[in-house]
Amino acid sequence: MRVKQIVSLGLAAVMALSLSACGSKGGGEGDSVDSGAGLPSIDQINVGEDYQDITASIKVLTDRTDIVDSVYNGVYAKQFMELYPNITVTYEAVTDYSSSLLLRLTTGDWGDVCFIPSSVKKNELPDYFVSFGDFETLDPVYNFLQEKTYDDQVFGIPNGGTTSGIIYNRKVWKEAGITEMPKTPDEFLEDLQKIKDNTDAIPLYTNFAAGWPVGAWDAYVDIVSTGDPDFKYSMPHIKEPFTKRDDMTGPYAVYYIMYEAVARKLIEDDPASTDWESSKGRINSGEIASMVLGSWAVKQCMEAGPNPEDVGYMLFPISVDGRQYAAANGNYAYGINRQTTTDNKLASMVYVKWLIENSSIYDDEASIPARKDGDFPDALSDFKGVELLSNNPPPEGEDDLFDEINTESEVGISSDDYPDCEIIEAALYGSRTLDEIMEEWNQKWSSAQESLGIEVNQ
């Protein structure tokens, strides 16, 4: 497993370097490299009325290999083309999406609309995508714009948003004798042990073989584990942020749950043989008791078998001063290719606006709508009444500082799955303790702070 992951990590690094290098080249010539000048802001478009005279064929890339034909091409594209018969929309599903898109973006010849890979840094956004409008204008209308905003321009609008918790099978947890949802890491681990002792279900399924579900744990290290919407962008200035806290909050507590679940054998027997697609049906049927994933996966698990009512979504088991927090973050953001033609850019912007405002995508995928005035989905009923927090913007002049230290340190929070996979490997084989791993991360973070000349708050 380690050899395979090291090779993958090396390939990702090469592709990231290529992306960064190509980003400085600009584009080709003429109309094909219009970076957005002359295009309307997305809020100015009246869907169904404007741009009916445009004739274009646009290609949209997606990571949803499971429903690309049945829903994306079969429903959304079809419905839109009834409204705009001169615009042809086709979807292409991409396996291993994030890595594949890194390579394809460097060519410019990838289509018209894509989900922007998380590894594209903010200062690279203008090199690949057009602006949807300025942040001040669009922020009152749409959720989660901050992550894909650079120099006050919005280069990506998220396909709605997710909150952060744990998918679980209600029936299995009840059969295990659990009557109250866990609020601390140790309570959660004790409940997993009850599931192992009293049912035939896998207490916690890691989805290790896919890689990215392990990296998904990184989403819990800021607001969820601290209750602080400023924590993420203050991390560059924090001394040793991965140190264990007495109250078991903060990033350490997140990785403690991961490490201990593996070390106590509360996961699948062979992490290398896990399968993401089948895991959705297995948690629906009760073969799996729980999985740590964003709320975007809840509806998929509900629809993967005959027992949608058994699939629930609980708060992540960390409490700050007796209170649990949930983070609301944007999904993958739609970006429009700056190297396509002006007509295709306009057609793409019209389609993106229709998709996020007029289609049924948020009910279908049980996600928080892109528009701030949209309705909260029923599938997330367990989170009703819970305050959802989003990360505050970084301090002025520090837009890229978190990305810089995250990359320089090679800790790779939410951008590299490999460090998280190392935690599982260490727990599985007993090769290192969690304290040793977290100490290494602290050292790397401190070295990056020194290298980048960042002031550290003692």
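**Pocket, cavity and helix contacts**

Hello everyone, let's start with a pocket: by class, the lining of the second largest pocket has six nonpolar, five polar and five charged residues. Here nonpolar means Ala, Val, Leu, Ile, Met, Phe, Trp, Tyr, Cys and Pro, charged means Asp, Glu, Lys and Arg, and the others, Gly among them, count as polar.

A quick word on the source: this is a predicted model, where local features need pLDDT of at least 70 and side-chain atom pairs count only at pLDDT 80 or more, while totals for chains, interfaces and linings use all residues. Residues are numbered from 1 along each chain as its sequence is written, and side-chain values use heavy atoms, leaving out hydrogens and water.

Back to our pocket. A pocket is an open set of points on a 1 Å grid over the protein atoms alone, with protein on both sides within 12 Å along at least five of seven lines; lining residues have an atom within 4 Å of a point. The second largest one has a volume (the space filled by probe spheres set on the points, joined across faces, edges and corners) of about 250 Å³. Of its 16 lining residues, Tyr-362, Asp-363, Pro-369, Gly-374 and Asp-375 are the closest to the centre.

Which helices (DSSP runs of H or I, at least four residues, numbered from the N terminus) each supply at least two residues of that lining? They are helix 14 (342-357) and helix 15 (361-365). Helix 15 gives the largest share, three residues.

How many cavities of 30 Å³ or more does the structure hold? There are three; a cavity is a set of points where a 1.4 Å probe fits but cannot get out. The largest cavity has a volume of about 70 Å³. It is lined by 13 residues, and Leu-204, Tyr-205, Thr-206, Trp-217 and Val-292 are the closest to its centre. Helix 11 and strand 9 (290-294) are the elements that give two or more residues to this lining, a strand being a DSSP run of E with at least two residues. By class, the lining of the largest cavity has eleven nonpolar residues, two polar and no charged.

Helix 11 also brings us to helix packing. The axes (lines fitted to C-alpha atoms over the stretch in contact, with angles from 0 to 180 degrees between N-to-C directions) of helix 7 (residues 185-198) and helix 11 (residues 251-263) come within 10 Å and cross at roughly 20°. That makes helix 7 roughly parallel to helix 11; angles under 35 degrees count as roughly parallel, over 145 as roughly antiparallel, 65 to 115 as roughly perpendicular and the rest as oblique. In contact (heavy atoms within 4.5 Å), Pro-185, Asp-186, Phe-188, Leu-189 and Leu-192 of helix 7 meet Ala-253, Tyr-256, Ile-257, Glu-260 and Ala-261 of helix 11. Eight of these contact residues are nonpolar, none polar and two charged.

Next, find helix 17 (residues 418-429) and helix 18 (residues 434-452), which pack at an angle of about 155° with axes 10 Å apart. These two helices are therefore roughly antiparallel. Helix 17 brings Pro-419, Asp-420, Glu-422, Ile-423 and Ala-426, and helix 18 brings Leu-434, Ile-437, Met-438 and Trp-441. Their contact has seven nonpolar, no polar and two charged residues.

Finally, helix 18 has another partner: its axis and that of helix 16 (residues 401-409) come within 8 Å and cross at roughly 120°. Helix 16 and helix 18 are therefore oblique to each other.
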